[in-house]
Structures are given as C-alpha cells and as structure tokens.
Amino acid sequence: MIIIRLDRVLADRKMRLNDLAEKVGISNVNLSYLKTGKVKAIRFTTLDAICKVLKCQPGDILEYVEDEEEA
C-alpha cells in the first residue's frame, strides 16, 4: 500500500496546508484529501507542483509499505 507522508514534509518545512494549496493552485479540500490518504490517484502535474514548492522528491511524500495480508 502507498502511504502519504505529506504532513511530515509540511511539518519539516514549517508550512501550513493552506499555504501549500495556494502555491500549488489546488483547493485546500483536495490537498487535505491527499494529506489524509483519502485519494486513489494523484496527477503527476500535481505531484510535480507539490515537490517544486516543498523542494523535495516524490519519495519524500509517498512511501510503499507491503500489505500485511500479502506478507
């Protein structure tokens, strides 16, 4: 499963979700869904914009963890 670590990167950068949403150009609600893992997909353009603003790599935001029932 893919875990979203956006909250950790935001905390490291001392940036609020509202500020990131404004700089990336997406709604606060959609970014909040992403942060809480309530999305099934993310556009590469959105991921690119987030990484550009946060000066990070996609791997800083997304993490793969093997599902327990598959282990």
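**Salt bridges, a pocket and a cysteine**

Okay, let's start in helix α4, where Asp-48 and Lys-52 sit four residues apart, about one turn of the helix. Their side chains meet in a salt bridge, 3.5 Å from N to O. Keep in mind that this is a predicted model. Asp-48 comes out as partly exposed at 44% relative accessibility, while Lys-52 counts as exposed at 58%.

How many salt bridges does the structure hold? Three. Another one pairs Asp-19 with Arg-16, again at 3.5 Å, N to O. Here Asp-19 is partly exposed, with a relative accessible area of 30%, and Arg-16 is exposed at 53%.

Then there's Arg-5 with Glu-63, at 2.8 Å, N to O. Arg-5 is in the loop between β1 and α1 and Glu-63 is in strand β2, so this pair ties together parts that are 58 residues apart in sequence. Both are partly exposed: Arg-5 at 25%, Glu-63 at 27%.

Now, the largest pocket. Its volume is about 210 Å³. Which element gives the largest share of the lining? That's β1, with three residues. Helix α3 also supplies at least two. By class, you get eight nonpolar, two polar and two charged residues; among the lining residues are Ile-2, Lys-35, Gly-37 and Leu-62.

Last stop, Cys-56, in the loop between α4 and α5. Buried or exposed? Buried, because its relative accessibility is 9% and the cut-off is under 20%. Leaving aside neighbours within four places in sequence, Cys-56 contacts Val-9, Arg-13, Cys-51 and Ile-61. Val-9 is 47 residues away along the chain, yet the C-alpha atoms of Cys-56 and Val-9 are separated by 8.3 Å.

Conventions
Residues numbered from 1 in each chain as written. Predicted model: local features only at pLDDT ≥ 70, side-chain atom pairs only at ≥ 80, totals over all residues. Heavy atoms only, no water. 1 Å grid on protein atoms, 1.4 Å probe; cavity = no way out; pocket = protein on both sides within 12 Å on 5 of 7 lines; lining within 4 Å. Points joined across faces, edges and corners; volume = space filled by probe spheres on them. Nonpolar A, V, L, I, M, F, W, Y, C, P; charged D, E, K, R; others polar. Buried < 20%, exposed > 50% of the residue type's maximum accessible area, 1.4 Å probe, protein only. Contact = heavy atoms within 4.5 Å. Salt bridge = Lys/Arg side-chain N within 4 Å of Asp/Glu carboxyl O.
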